[in-house]
Amino acid sequence: MTNPAPKNGQIIVDVADGVLTLTMDNVSKKNAISREMYLAMKDALDAAATDTSIRAVLLRGAGGVFSSGNDVAGFGAPNGEVPAPVQFVKSLVKFPKPIVAQVEGLAVGIGVTMLLHCDIIYAADDTKFRMPFVNLGVVPEAGSSFLVPRLMGAAKAAELILLGRLFSAAEAETLGLISGVLPQADVAGAAEDAAAALVKQPMGAMMKSRALMRDVNGDEMDARIEREFKLFYEGLQGPEFAEASRAFMEKREPDFSKITV
Ligand code: COA
């Protein structure tokens, strides 16, 4: 008999042939990411950053879903702790080795914004993407307020972030958010092949090339991430988030009409 996954979900960590595979496993919540899961991913990335036997990372979700984002029921942080999402994002942003993402089913919230810090991203053709930060009464995080407008232009970024509308894998590819769209049955294989190919590349040239492609925003990116999370956590204390999360739990449309700023 297999043990059921713990209530707060888990990260399955696997190392084989130079690839660290991190699988978000919280299937009953569509792989919502709990504090424990953020910290497990952060610890695995921090260790892999200096472990010379690991040359690439593969990031994916269990059960045919990437992630529904932050666990809506567990946004808070224990007193005195840097919130787990902030710790995870900082480790992800500074991670020096290539990351492949295998995206299926759903990519929502940080399930989208973490992709901005991955390198080769393959998505199943039926994946639905969404950045519902404003809809929840908070602001986009993980550097996305900086990176998304630069990636796709201000007008498209405004549509996807201010409206928080769903977008398809085909649109994500057109916008440059992902590397390619594949039939569902082929995504895992393509992601594994990409990770295996990265492992064979010369590490020095690859890490330097990756840093060159990313490092233009260095300090500015860190400052932006701090600013975003400050506003994000302020938002969590406010009436807009309170209404949005109540509505989510009660499975109804939120009503922001009586909330003024
Ligand atoms: N946090 C906590 N629980 C979540 C969750 C999340 N981010 N996303 C989904 N769940 C839970 C649902 O509450 C539901 O639980 P239940 O079975 O006890 O009712 C279960 O996962 C299945 O979700 P459901 O909404 O029935 O699936 P769906 O396919 O109809 O919709 C989503 C999937 C992801 C579009 C929808 O669940 C959603 O909008 N989730 C919230 C996403 C979000 O706001 N993330 C944070 C961004 S900052």
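Predicted model: local features only at pLDDT ≥ 70, side-chain atom pairs only at ≥ 80, totals over all residues.
Student: What is the order of the strands in the open sheet?
Tutor: The sheet has three strands in the order 5-7-8, and its pairing is mixed.

Student: What makes strand 5 and strand 8 edge strands?
Tutor: Strand 5 and strand 8 (167-168) each pair on one side only, and they are the edge strands of the sheet.

Student: Why is the pair of phenylalanine 129 and phenylalanine 167 called stacked?
Tutor: The ring centres are 5.4 Å apart, and centres within 6.5 Å make a pair. The planes stand at 20 degrees, and under 30 degrees counts as stacked, so the pair of phenylalanine 129 and phenylalanine 167 is stacked. Phenylalanine 129 lies in strand 7 and phenylalanine 167 in strand 8, so the pair ties together parts 38 residues apart in sequence. Both phenylalanine 129 and phenylalanine 167 are buried.

Student: Why is the pair of tyrosine 38 and phenylalanine 88 called tilted?
Tutor: Five aromatic pairs are found in the whole structure. In the pair of tyrosine 38 and phenylalanine 88, the distance is 5.8 Å centre to centre, with 45 degrees between the planes. Stacked needs planes under 30 degrees apart and edge-to-face needs over 60, so 45 degrees leaves tilted.

Student: Where in the chain do tyrosine 38 and phenylalanine 88 lie?
Tutor: Tyrosine 38 is in helix 1 (residues 35-50) and phenylalanine 88 is in helix 2, 50 residues apart, and the pair links these distant parts of the chain. Tyrosine 38 and phenylalanine 88 are both buried, a word that means under 20% relative accessible area.

Student: Which residues line the largest cavity nearest its centre?
Tutor: Tyr38, Gly74, Phe75, Gly76 and Pro85 lie nearest the centre, out of 13 lining residues. The space in the largest cavity is about 50 Å³. Helix 1 and helix 2 each supply at least two residues of this lining.

Student: How do you know that arginine 150 lies over the face of phenylalanine 146?
Tutor: Arginine 150 is at 3.8 Å from the ring centre of phenylalanine 146 and lies over its face. The distance limit is 6 Å, so 3.8 Å meets that part of the test.

Student: What makes up the lining of the largest pocket, by class?
Tutor: The lining divides into 21 nonpolar, six polar and nine charged residues. The largest pocket has a volume of about 850 Å³. Of its 36 lining residues, Leu116, His117, Arg210, Met213 and Arg214 lie nearest the centre. Helix 8 gives the largest share of the lining, seven residues.

Student: Which element gives the largest share of the lining of the second largest pocket?
Tutor: Helix 10 gives that share, with four residues. The second largest pocket has a volume of about 690 Å³. Ser68, Val72, Pro132, Leu136 and Phe248 are the closest to its centre among the 30 residues that line this pocket. By class, this lining has 18 nonpolar, five polar and seven charged residues.

Note on methods. Residues numbered from 1 in each chain as written. Heavy atoms only, no water. 1 Å grid on protein atoms, 1.4 Å probe; cavity = no way out; pocket = protein on both sides within 12 Å on 5 of 7 lines; lining within 4 Å. Points joined across faces, edges and corners; volume = space filled by probe spheres on them. Nonpolar A, V, L, I, M, F, W, Y, C, P; charged D, E, K, R; others polar. Pairing = 2+ DSSP bridges. Phe/Tyr/Trp six-rings, centres within 6.5 Å; stacked < 30°, edge-to-face > 60°. Buried < 20%, exposed > 50% of the residue type's maximum accessible area, 1.4 Å probe, protein only. Lys NZ or Arg CZ within 6 Å of the ring centre and 35° of its normal.
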